[in-house]
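Here are my notes on the model you asked me to look over.

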Amino acid sequence: MVILIAYFKNSFVSNGFKLVFVLLIKFLKIQYCINQKILIKENNQYMKIKVLGTRGEIEESAPYHSKRSGVLIDNKILLDCGDESFLEYNPKYILITHLHPDHAYFARHNEMPDTKAKIYAPEKYDEVNIHITNKPFKIGSYKITPIPTVHSVKVKSNAYLIEHKGKRLLYTGDMIWIEKKYRTKMKNLDFVITEASFVRKGGMIRRKKDSGKIYGHQGVPNLINIFKEYTNKILFIHFGAWFYKDIEKARKKFEKLAEQNEIEIIVGYDGLEIKI
Ligand SMILES: [Zn+2]
Ligand SMILES: [Zn+2]
């Protein structure tokens with residue numbers, strides 16, 4: 001281009017032609033910058049979410065709801081790994097909410113996961129090389145904040161707040177409750193992904209006689225109540241037996257709950273892709 005400009009400067013082409021040429025170059029340059037800006041803006045605009053599995057720890061199964069928990073973010077970060085086949089996506093990082101086998105397949109038969117991914121979880125497991133998530137950390141340009149959840153008396157559990165280029169996503173895993181002191185981090189969430197083991201109010205919550213500690217799963221209506229303070233978009237996965245009895249009816253139930261609570265509810269299925 002420089003050579004061409006130099007050629008025209010030194011040649012005997014008319015001034016009018018030179019002017020048109022220079023203007024054309026300027027126009028192309030501006031156009032190029034605009035396109036680049038738009039591209040950069042588009043890249044910043046979303047997180048790509050791919051739901052890999054939506055089935056809880058139950059016997060029931062159905063097409064599009066057969067794989068256990070797993071959500072892939074930007075083809076890089078795998079949230080929970082309830083099925084060995086999820087490793088075929090070659091995630092770079094795996095964040096496990098808790099070491100129940102429907103969220104960490106390798107805990108079912110004490111296997112060593114065959115992956116190069118860095119694995120994060122709230123506690124150690126056997127010989128698996130696990131990075132413990134007890135404080136916020138960064139993976140690349142993603143900020144991850146573990147938020148303790150109440151779910152089990154046997155294993156520790158964390159939800160994960162994932163922040164990337166202005167987007168804020170909360171992935172909870174199984175849960176009954178998030179203590180108020182941890183909720184300060186949950187403001188202005190673009191999206192919440194949570195569980196739907198039980199649709200009835202109160203879910204299934206039990207109490208250990210000796211320690212008095214509670215364990216189990218909260219009901220869908222209660223989870224909506226917790227999260228609608230922080231977001232207007234909830235994606236449900238990890239369906240319990242109730243969902244499989246009549247999937248159409250279950251979808252309608254979610255529609256009704258969305259209307260009543262004036263929020264958007266997305267009913268997950270294996271393979272669902274969304275951008276936020
Ligand atoms: Zn589970
Ligand atoms: Zn669990």
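1. How many bridges join strand 12 to strand 13, and do the two run parallel or antiparallel? Strand 12 (residues 204-207) and strand 13 (residues 214-217) are joined by four bridges and run antiparallel, where helices (H or I, at least four residues) and strands (E, at least two) are DSSP runs numbered from the N terminus, and two strands pair if DSSP finds at least two bridges between them. Met-204 has His-217 of strand 13 as its bridge partner, and in the hairpin, with six residues between the strands, Gly-212 takes a positive phi near 80°.

2. Before going further, please keep in mind that this is a predicted model, in which local features need pLDDT of at least 70 and side-chain atom pairs count only at pLDDT 80 or more, while totals for chains, interfaces and linings use all residues. Residues are numbered from 1 along each chain as its sequence is written, and chains are lettered from A and ligands numbered from 1 in the order in which they are written.

3. On confidence, the protein averages a pLDDT (the predictor's confidence in each residue, from 0 to 100) of 90, and 84% of the residues score at least 70. Over residues 1-8, however, pLDDT stays under 50, and the model has three contacts for them beyond four places in sequence, two residues being in contact if their C-beta atoms, placed from the backbone, lie within 7 Å. Residues 36-42 also have pLDDT below 50, with zero contacts in the model beyond near neighbours in sequence. Where pLDDT is low, the predicted coordinates should not be read in detail.

4. One open sheet has seven strands in the order 7-8-9-10-11-14-15, with mixed pairing. Its edges are strand 7 (137-139) and strand 15 (264-267), each of which has a single partner strand, so one side of each is left without a neighbour in the sheet. Neighbouring strands here are turned by 25° against each other on average, direction ignored, the axes being lines fitted to C-alpha atoms, for helices over the stretch in contact, and angles running from 0 to 180 degrees between N-to-C directions. Strand 14 and strand 15 run parallel and are joined by four bridges, with Lys-233 partnered by Glu-264 of strand 15.

5. Helix 3 packs on this sheet, where it touches strand 11 and strand 14, and its direction makes about 160° with that of strand 11. Helix 5, for its part, lies across strand 14 and strand 15 and runs at about 165° to strand 15.

6. Which residues of helix 3 are buried? In helix 3 (residues 220-227) they are Val-220, Leu-223, Ile-224 and Phe-227, a residue being buried if 20 or more other C-beta atoms lie within 10 Å of its own, exposed if 12 or fewer, and partly exposed in between, with C-beta atoms placed from the backbone. Seen down the helix axis, these residues fall within an arc of 100°, so they line one face of helix 3; the arc is that of the directions from the helix axis to the C-beta atoms. Their cover includes strand 11 (191-196), strand 14 (233-239) and helix 5 (247-261).

7. A second open sheet also has seven strands, in the order 6-5-4-3-2-1-16, and its pairing is mixed. Strand 6 (130-132) and strand 16 (273-275) are its edge strands, each pairing on one side only, and the twist averages 25° from one strand to the next. Strand 3 and strand 4 (residues 93-95) pair in the parallel sense over three bridges, and Ile-77 stands opposite Tyr-93 in strand 4.

8. Two residues deserve a look at their backbone angles. Most residues other than glycine have a negative phi, and most peptide bonds are trans. Asp-74, in the loop between strand 2 (70-73) and strand 3 (77-79), has a positive phi of about 50° although it is not a glycine, and counts as partly exposed because it has 16 C-beta neighbours inside 10 Å. His-238, in strand 14, has a positive phi near 55° and counts as buried because it has 27 C-beta neighbours inside 10 Å.
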